[in-house]
Amino acid sequence: MMKGIASSPGIGAGRVFILHEREVPLGRTGPNSPGEDAAPRQTHARRETESELERFHRGVKVTSRYYESLIERVRKNVGDDEAEIFEGHLEIITSDDIAEAVEEMIMKDLAIAEQAVVTFAETTAGEFEELESEYFRQRAGDIRDIGRRIAEAIYYGSITDPGALPENSVIVAEELTPSATARLDIKKVAAIATEKGGRTSHAAILARSLSIPCVTGVEGLVSAVRSSQLVMVDGDAGTVDTAIAEDDLTEITARMQKNREAIRHRMVWSHKHSATLSDGEEIHLAANVGSGDEAKMAASLGARGVGLFRSEFLFMRYSDFPGVKQQADEYRRVCEALAPHPVIVRLLDCGADKPLPYARQTTEDNPFLGERGIRFLMARDEQFHIQLKAIAQVAAEGHPIKVMIPMVISVDEIETVREVLTASGSDVPVGIMVETPASVLTIGALASRSDFISIGTNDLVQYLLAVDRGNARVASLYSEFHPAVIGAVDQIVRGSHKEGIHVGVCGDMASHPDTALTLLALGVDELSVSVSAIPDIKACLRGVDRSSLDALRAELLGNTGRHASDENRRAAAALVPSGPVPWEET
Amino acid sequence: MIQKNLSVLNEEGLHTRPANEFVRIVKGFEAVVTLTKGEREVPGKSLLKIMKLGIVTGDEVTITCDGSDEEAAMEALVRLVQPGGTA
């Protein structure tokens with residue numbers, strides 16, 4: 001039994017699927033003896049040249065077949081435009097350009113085939129990086145990717161494909177990058193377990209929103225399991241059981257079955273009951289989603305709209321910036337799933353912990369203080385216009401869609417977005433995410449120019465307290481109940497209400513009962529929560545009334561002493577209704 | 001042999017998708033095609049070399065076609081890079 005961090009509830013059992021970049025040793029111990037431990041060498045003996053050439057050609061064949069199936073899959077699941085880009089990659093893989101250069105390195109320099117391919121890809125990537133156009137500079141990544149795939153095919157004789165998952169796979173990885181997660185065929189994922197990351201890593205957030213059990217931070221996991229081994233992931237206890245026998249499977253399957261029934265009861269209850277306080281006050285409860293499928297799930301749980309559509313998830317499913325049509329299609333799907341309720345699309349929010357692979361941002365010393373949020377789009381005029389155009393187009397079709405700007409620090413960012421929309425004749429409502437100290441301190445000026453305000457608590461808490469929530473050494477200092485956080489939320493709510501503007505919260509604080517009640521006590525008008533949290537938050541709200549929230553407010557604003565964070569947490573937790581959850585009664 | 005100087009006017013320039021289309025057209029003809037931007041001339045059937053020219057909308061290029069069906073090849077290629085006709 002291995003211990004990690006419980007990151008998404010539920011139990012999932014299945015066969016291990018290890019997801020990683022397969023290491024290709026650039027050097028080997030002798031012809032056709034991969035995998036042996038000995039000092040690798042990067043050249044071959046002259047008599048081996050023929051077999052090296054043959055290995056290269058076999059690798060190209062394997063890679064071509066892989067790309068052919070990839071193209072078909074992408075065409076079916078994503079679209080023609082995206083498939084055509086992979087067709088270009090296939091053309092390059094099978095071209096004389098690669099063959100001639102690689103053959104020369106093998107014959108003249110006696111390079112081993114893998115080394116020759118990687119060298120060629122690296123040299124070519126370097127040439128692309130010299131080009132003037134940003135688009136072409138970004139192609140360096142494509143070329144490196146192609147080189148790695150061919151090298152993998154030469155060395156292993158096959159290419160691992162995260163898309164071709166067997167049914168009931170337990171995804172095991174050192175770390176799941178957002179783009180790798182976005183490409184997984186989630187229908188076949190029984191559970192996820194990773195070595196790195198924590199509850200707020202993107203893999204964990206995605207797993208929770210899709211109700212996939214997930215455990216993160218399991219040290220030594222990847223080397224402790226074999227591919228296809230039977231394991232059980234317990235997302236409540238935070239454990240990975242690697243000693244599962246075939247015989248245990250019946251019992252586990254029964255537990256999973258029971259689990260699924262519980263989930264169904266929860267869904268039915270959630271759909272039937274509104275988000276209302278016990279005194280009848282209705283609370284606007286919306287959902288945070290990353291795709292059209294997730295939006296459908298939110299609708300089936302009774303969400304009243306989308307308070308945060310993470311458009312970066314859409315961008316991560318492509319290997320190049322999606323165009324107006326691709327974006328509009330997805331925004332429309334989300335709107336249709338939640339109709340007639342409003343949908344708030346956050347403009348592309350990448351950078352820092354959410355890099356967009358093909359954007360090839362330059363390395364920054366302080367990525368969290370760097371080109372992220374709206375700064376990324378404002379520096380890329382074409383993409384900025386394309387995204388706003390796609391949103392305006394869906395609005396023009398009559399859908400209640402709104403634009404939300406991430407990482408705002410000044411009025412200028414709001415005005416710039418409005419100018420672009422106005423120039424194209426669109427009057428889509430524009431709001432901002434309040435997640436920087438600057439936006440808290442100037443909330444009045446920002447609110448007076450916004451149609452709505454939404455607090456992004458994850459980044460706001462991190463910036464207010466100057467604590468990196470992903471750094472284990474200081475993570476304990478990260479508290480959503482810190483008096484500075486309470487004071488900031490209070491200031492945002494009062495400043496916005498003075499301008500007659502509604503305040504929502506789309507950060508993690510809205511998704512947990514104690515912090516959700518804290519936000520409502522401080523006067524927040526709307527909660528936008530992760531899809532899987534909708535029933536729990538509804539159940540919590542239905543057991544609380546406004547007068548107890550008012551009392552909580554007084555207590556929160558009064559606590560300023562040494563243990564204020566803990567006292568606040570206890571006061572909020574005391575209000576959370578206890579006892580069995582309503583869908584388990586009867 | 002025929003040769004034509006022209007501005008690339010299609011929306012994406014010769015990004016991956018249109019550049020691959022260019023190569024596909026070239027491979028469909030017998031004529032030998034070269035593409036020139038500035039000092040650099042590359043074979044029209046090499047996607048990688050074409051992409052390394054980094055051609056974007058508005059760039060001036062020269063297309064050369066040499067072979068029995070050179071007229072038809074030129075016509076198809078011009079249609080790709082100047083979809084709305086010559087400006």
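**Chains A and B, question by question**

Trainee: How many residues does the contact take from chain A, and how many from chain B?
Mentor: Keep in mind that this model is predicted. Both chains give residues to the contact. The count is 17 residues from chain A and 14 residues from chain B.

Trainee: Which element gives the largest share of the side of chain A that touches chain B?
Mentor: Start with the elements that give two or more residues to that side: α2 (80–93), α4 and α5 (134–156) of chain A. One of them supplies 6 residues, the largest share. That element is α2(A).

Trainee: How many residues of the side of chain A that touches chain B are charged?
Mentor: Sort that side by class. There are 6 nonpolar and 4 polar residues. The charged residues number 7.

Trainee: In what order do the elements of chain B run?
Mentor: Chain B has 3 helices and 4 strands. Read them from the N terminus on. The order is β-α-β-β-α-β-α.

Trainee: What percentage of the residues of chain B count as buried?
Mentor: A residue is buried if 20 or more other C-beta atoms lie within 10 Å of its own. Apply that to the 87 residues of chain B. The share that counts as buried is 34%.

Trainee: What share of the contacts in chain B with a separation of 6 or more comes from residues 24 or more positions apart?
Mentor: Take the contacts in chain B with a separation of 6 or more. Then pick those between residues 24 or more positions apart. They account for 73%.

Trainee: Back to chain A. Why is α3(A) called oblique to α4(A)?
Mentor: Helix α3 covers residues 96–108 and helix α4 covers residues 113–129 of chain A. Their axes come within 9 Å and cross at roughly 130°. That angle makes the pair oblique.

Trainee: Which residues of α4(A) make the contact with α3(A)?
Mentor: The crossing of the two helices is right-handed. From α3(A) come A:Ile98, A:Ala101, A:Val102, A:Met105 and A:Ile106. The contact of α3(A) with α4(A) divides into 9 nonpolar, 1 polar and no charged residues. On the α4(A) side stand A:Ala113, A:Ala116, A:Val117, A:Thr119 and A:Phe120.

Trainee: How many strands form the closed barrel in chain A?
Mentor: Follow the run β9-β10-β11-β12-β13-β14-β15-β16, with parallel pairing. The twist averages 25° from one strand to the next. The closed barrel has 8 strands.

Trainee: Which residue of β12(A) stands opposite A:Ile344?
Mentor: Strands β11 (343–346) and β12 (401–405) of chain A run parallel, joined by 4 bridges. Find A:Ile344, then look across to β12(A). The residue opposite is A:Lys402.

Trainee: What angle does helix α19 of chain A make with β14(A)?
Mentor: Helix α19 takes in residues 483–498 of chain A. It lies across β13 (430–434), β14 (452–455) and β15 (503–505) of chain A. Its angle to β14(A) is about 175°.

Trainee: How many residues in the contact of α20(A) with α21(A) are charged?
Mentor: The axes of α20 (513–521) and α21 (534–541) of chain A come within 10 Å and cross at roughly 55°. A:Pro513, A:Ala516 and A:Leu517 of α20(A) meet A:Asp536, A:Ile537 and A:Cys540 of α21(A). By class, 5 residues are nonpolar and none is polar. The charged count is 1.

Notes. Residues are numbered from 1 along each chain as its sequence is written. Chains are lettered from A and ligands numbered from 1 in the order in which they are written. This is a predicted model: local features need pLDDT of at least 70, side-chain atom pairs count only at pLDDT 80 or more; totals for chains, interfaces and linings use all residues. Axes are lines fitted to C-alpha atoms, for helices over the stretch in contact, and angles run from 0 to 180 degrees between N-to-C directions. Angles under 35 degrees count as roughly parallel, over 145 as roughly antiparallel, 65 to 115 as roughly perpendicular and the rest as oblique. A crossing is left-handed if the near helix is turned anticlockwise from the far one by less than a right angle, and right-handed if clockwise. Two residues are in contact if their C-beta atoms, placed from the backbone, lie within 7 Å. Ala, Val, Leu, Ile, Met, Phe, Trp, Tyr, Cys and Pro count as nonpolar, Asp, Glu, Lys and Arg as charged, and the others, Gly among them, as polar. Two strands pair if DSSP finds at least two bridges between them. A residue is buried if 20 or more other C-beta atoms lie within 10 Å of its own, exposed if 12 or fewer, and partly exposed in between; C-beta atoms are placed from the backbone.
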